Amino acid sequence: MSGASKPHPGMGFREFVACIALVQACVALAIDMMVPALGQIGAAMRLPVANERQWVITAFVLGFGAAQLLYGVAADRFGRRPVLLFALGLYAFCAFAAAAAPNFSWLLAARVAQGFGAAGAQVATVSIVRDCYSGRRMAQVNSLSFIVFLAAPIFAPSLGQLVLLLAPWPVIFIGLGLYAMLIATWAGLRLPETQHPQDRRPIIWHEAAAALRLTLRNRMSLGYTLASTLLLGGWLGFINSAQQVFAGVFHVPKLFPLIFAACSICMAVAALANARLVERIGMRKLAHLALSGFVLMAFAQAGLALSGQDTLLRFALLQSAMMFWFGLLGGNCGAIAMEPLGHIAGTAASVQGFIVMLGAALIGLYIGQNFNGTLIPLCLGFCVCGILGLAVAAWAERGRLFHARPVAVSLPPD
């Protein structure tokens, strides 16, 4: 099936892809650019406990997760363009509010609201792509924008570190606000409404409630949604602790962007390779293999940390290997979780995103808040998340791991 016509008489395919990709990069920039600044933020806000600075990351993720249910129905009711422009405007306003925060509570409130804005931009762009293109052309748009999405975590910490060399931490927020304003201006001038008026739908909350019930009552959907939540929670635990690990454990804070980039590159390579590997191995076998590989790397890292034999090089190598396995998990676990709910795919995706992001944020916060100046809490967090993730996947498959075909499960009547 060929793609639809280009979405705007003056906007070609390349410009459309670039616009979509740069909007989607807002999420990674808002998280990863902040990590190098957490130490400065904690000092500026005079936080009595060092681990409190981690709330800067968690607050954004909580806002991003909580808004998943709202924007899906809003984009169907009011159109894609108003939701996109509102979300980018909210993102920019809250970034400026965070830069001017007089206290830590103000900063966290701004970060939660900024996460709300990022969620709206993410949902709107997915809907816009679906409106404008279909078939192979839509897959091409998603693939090209995904490359930019993967590149953002590689460069964002280095960009944040560069800003800190030249200016204080509020300038990072100012930069995020200006970035969102530029993208909003571009989209406002060049991208029209892509939803046909006849496709507008009223807000029907009982559909979201029904999708939530099906997600929680279907064994396959719930199992892989929980597996995604646990593994993402482990990754957010690393994000929360990373600045303290490199500054307080290894005493090399300036090397953090480099090692984080290496981990992100491994994730990106795995995500790009997944499309080819899944055809040969199958998404179930590949997901179970990746879960097992993640657990093995986590236990190896925990063993070194508990024995006091962990070094910066060993940590970087094992962490990169673990992130490679993590890169193979996201798409496969999400696809398996969605399989039984294809008849309500759009609403189910927002429900699963809500569960995954909120749950992962809380897990990541718990891991980060237990940081005690050593690698042990982080490494044990990886182990627990990995083992539980593998366990819930095995529960979903009724104990039959590494098989190609799904276990026959029936949807309960709604």
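Conventions. I worked on a predicted model, in which local features need pLDDT of at least 70 and side-chain atom pairs count only at pLDDT 80 or more, while totals for chains, interfaces and linings use all residues. Residues are numbered from 1 along each chain as its sequence is written, and side-chain values use heavy atoms, with hydrogens and water left out.

Whole chain. I found 15 helices and 0 strands in the protein chain, taken as DSSP runs (H or I of at least four residues for helices, E of at least two for strands) numbered from the N terminus. Of its 414 residues, 54% count as buried, that is, under 20% relative accessible area with a 1.4 Å probe, protein chains only.

Helix pair. I looked up H12 (residues 283-307) and H13 (residues 312-338), which pack at about 155° with their axes 8 Å apart; the axes are lines fitted to C-alpha atoms over the stretch in contact, and angles run from 0 to 180 degrees between N-to-C directions. H12 and H13 are therefore roughly antiparallel, a term for angles over 145 degrees.

Single residue. I then turned to Arg 80, which lies in helix H5 (residues 80-99) and is buried, with a relative accessible area of 5%. Leaving aside residues up to four places away in sequence, Arg 80 touches a set including Asp 131, Glu 193 and Gln 195, where contact means heavy atoms within 4.5 Å.

Conventions
Parallel < 35°, antiparallel > 145°, perpendicular 65-115°, else oblique. Buried < 20%, exposed > 50% of the residue type's maximum accessible area, 1.4 Å probe, protein only.
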